[in-house]
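Open the model in your viewer and keep the selection tool at hand. This tour goes stop by stop, telling you what to select and what is there.

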Amino acid sequence: MNHFHRIIAFSALAVFSSNLAAQDKPAPEKAKLLTPEATLNLRAISDLEFSPDGKRLVFVVAEPRKGDQRARHIWVYEKSSGEARQFTYSEKSENLPHWSPDGKQLAFLSNRGEQKQIYLMHADGGEALAITKGKRDIDSFSWSPDGQQIAFIAPDAPTDAEEKKEKDKDDARVADKDEKRNRVWLLHVKTGETRALTPSHWLAYELAWLASGERLILNATEHPGSDREEHRIYSLQISDGTTKLLASPNSGHVEHLRVSPDGKTIGYVGVGVSGPQPNDVLLLPINGGAPRNVTGGSLDRPISEFEWLKDGALLAVYADGFRNKFVLFTADGVRKDPAVAITTNPGAFAVSSSGEVAFPGQTATTPQELRIWDQKTPPQQVTHLNSAWKEFALSSPEYYKYKSFDGVEIEAAFLKPAVYDGKSKLPLVALIHGGPTGNWEDMIEPWGQLLVARGYAVFYPNIRGSTGYGEKFVEMNRGDWGGADFKDVMAGIDDLIARGIADPEKLGIGGWSYGGYMSEWAITQTTRFKAAVSGAGMANLISEFGTEDDPAYDEWFYGVPYEKPEGFLNSSPFLYLKNAKTPILILQGDADTIDPLGQSQELYRGLKHYGVEAELVVYPREKHGFQEEKHLLDRLNRILAWYDKHLQKAGNKAEEAKP
């Protein structure tokens, strides 16, 4: 299970309420209650890039979902006017815009035809033309330094014979052999001539040009497979396609490949010392030598994004509890924190030639908007894409820390209804994040906001194993899923009960991915919960390892079940299903390859055997993260109805029955 679901935020020893979102909000008595339909209307910002002269910024806005699609269009921010405007208006989608080196053209990906191709248009607007073709989707691309060529990543297009076999349903495939893997290709922009640069059996993840235009740096592997991650860093000669291995990271996983402005160093995010996922920025000399960990020595926090500055310094974003923060490392590797406070949670960002930073900022009560930061004064908001959200009454989280069963300090977020009198006990739902190397972030989380609007208290613990608290904290649940991390959950609930906030007779739990697993685990370990919701969870860690994509993530925690089955088995909820009594709603996409459908089916079948109230809802075509509008809405409505049935309304009916 190598993907995780992130969501909300928190910090400080004393409990306090965040008022960052109070600005421009309507009075509580006039604000609208959030609805499931409204949660689907958030716009999201991604794919930011400044023009070479730094005067313009392109970015992509994802519109609210309609049907099974979510349209994405390119927007442009003009520094001179301080205004942002939509730039593309097709009936389909556009993403990944890149300026040509001279700034006169803009290339981007679009699915205006049957497949996602590279399109080119004048930087001032006009008609966009496809400059690639073929019955395959292009994954990513990059301009050559002289603007004459574009290197891109895409699989081979199917041959006529392959298309005929598929049409005739004569399309058997051999695992790990008949896959169409992403290769590196070179396109001559003027002629349209295209040729492959890497062999068909390779798998390419990322590429970056060297300033000479004669070589590419690749994040790729010669030995791809569904059961492994063996990322390698290569140098590739454009003229003849010859490659040279530059580094074999010990973690097997590399991301965010970047070449320094002087062309002498490759930067990437990898595993610095330990851990199941990349967490530090490592710098690799192009002409030879071992990589150097530039961030791990002074920052024991995971890096999510970084960019080179023109003087050789690095600007990065790292997770610190519920917040994401900027940090700068000079060319000499000295850490420098921003001199100004940034009150919104940043994510991906872009840096201009003059040092301006653009990023989408958000909090647990304010949705994403584009912000421009000069690295000297507070960032300025320049878009109002989600201004309609001001009319909703969102609950600001309270941030605090509590002691777990063994004295370990756990950070958590807590939502309570706006009309809470501070005296009565509330039905409580504990929501567990995915991962386990994930964390709740300072951003709007729909499940909790919908529940608190209906009178629930909502508890978000960043239990041991979460990111944002140092590598030792991440490793504290290694080989112990459902052990001390589950005790962290229960200790937090007991704390809220002791404070007189949570009603011990109305406790619920829920989550997605690892959060779904933890919900399944909870109902097999205790009968204290009266309702549970598991989304894309894991009932049997042995069968999950054997059927999921990229089980190398789980291998870091437990080894392999062929040699060490005990850990997998003893941490599997299905082994303890005879103890379950709690009603549980099970939600699952039938195309999920991260936590496959069989996991939810095993759970449901076992619970039926023991007569436990369980409802399994399977969503056709959905993968680990749902995409279709009606499915997303159905899921939220089912979640609310399930908790209402077993927590809120059940208690209300009992009260109403009294004479």
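A salt bridge here is a side-chain nitrogen of Lys or Arg within 4 Å of a carboxyl oxygen of Asp or Glu. Before you select anything, note that this is a predicted model, where local features need pLDDT of at least 70 and side-chain atom pairs count only at pLDDT 80 or more, while totals for chains, interfaces and linings use all residues. Residues are numbered from 1 along each chain as its sequence is written, and side-chain values use heavy atoms, with hydrogens and water left out.

**Stop 1: salt bridges**

The structure holds 27 salt bridges. Start with Arg43 and Glu63. They form a salt bridge, and their closest N and O atoms are 2.8 Å apart. The pair links distant parts of the chain, 20 residues apart. Arg43 is in the loop between α1 (36-39) and β2 (44-50). Glu63 is in the loop between β3 (56-62) and β4 (72-78). Helices (H or I, at least four residues) and strands (E, at least two) are DSSP runs, numbered from the N terminus.

Are these two residues buried or exposed? Buried means under 20% relative accessible area, exposed means over 50%, and partly exposed lies in between (1.4 Å probe, protein chains only). Arg43 is partly exposed at 29%. Glu63 is buried at 15%.

Next, select Arg258 and Glu307. Their salt bridge has its closest N and O atoms 3.5 Å apart. Arg258 lies in strand β18 (residues 255-259) and Glu307 in strand β22 (residues 303-308), so the pair ties together parts 49 residues apart in sequence. Glu307 is partly exposed, with 21% relative accessibility.

Now go to Arg499 and Asp495. Here the closest N and O atoms of the salt bridge are 3.3 Å apart. Arg499 is partly exposed at 34% relative accessibility. Asp495 is partly exposed too, at 23%.

Finish this stop with Arg56, Glu78, Arg85 and Asp124. Select them together: a network of salt bridges links them.

**Stop 2: an open sheet**

Show β2, β3, β4 and β5 as a cartoon. These 4 strands form an open sheet in the order β2-β3-β4-β5, with antiparallel pairing. Two strands pair if DSSP finds at least two bridges between them. The edge strands are β2 and β5 (83-86), each pairing on one side only. Neighbouring strands of the sheet are turned by 25° against each other on average, direction ignored. For that angle, axes are lines fitted to C-alpha atoms, for helices over the stretch in contact, and angles run from 0 to 180 degrees between N-to-C directions.

Zoom in on β3 and β4. They run antiparallel and are joined by 7 bridges. Select Val58: its bridge partner in β4 is Val76.

Stay in β4 and pick His73. His73 is buried, at 7% relative accessibility. Which side chain does the side chain of His73 contact? It makes a polar contact with the side chain of Glu94, at 2.7 Å. A polar contact is a pair of N or O atoms within 3.5 Å; within protein, one must be able to donate a hydrogen and the other to accept it, and residues adjacent in sequence count only if both atoms are side-chain atoms.

**Stop 3: a hairpin**

Select residues 232-237, strand β16, and residues 243-247, strand β17. They pair in the antiparallel sense over 4 bridges. Tyr234 stands opposite Leu245 in β17. The two strands form a hairpin with 5 residues between them. In the turn, Gly241 has a positive phi of about 75°.

**Stop 4: aromatic rings**

The structure holds 28 aromatic pairs. Rings of Phe, Tyr and Trp (its six-membered ring) pair if their centres lie within 6.5 Å; planes under 30 degrees apart count as stacked, over 60 as edge-to-face and the rest as tilted.

Select Phe152 and Trp185. Their ring centres are 6.3 Å apart and their planes are at 10°, so the pair is stacked. Phe152 sits in strand β11 (residues 149-154) and Trp185 in strand β12 (residues 183-188), 33 residues apart. Phe152 is buried at 1% relative accessibility, and Trp185 is buried at 10%.

A charge sits over a ring if NZ of Lys or CZ of Arg is within 6 Å of the ring centre and within 35 degrees of the ring normal. For another such case, select Arg478, whose charged end sits over the ring of Trp556, 3.8 Å from its centre.

Last, find the cluster linked by ring pairs, whose members include Trp481, Trp521, Trp556 and Tyr576.
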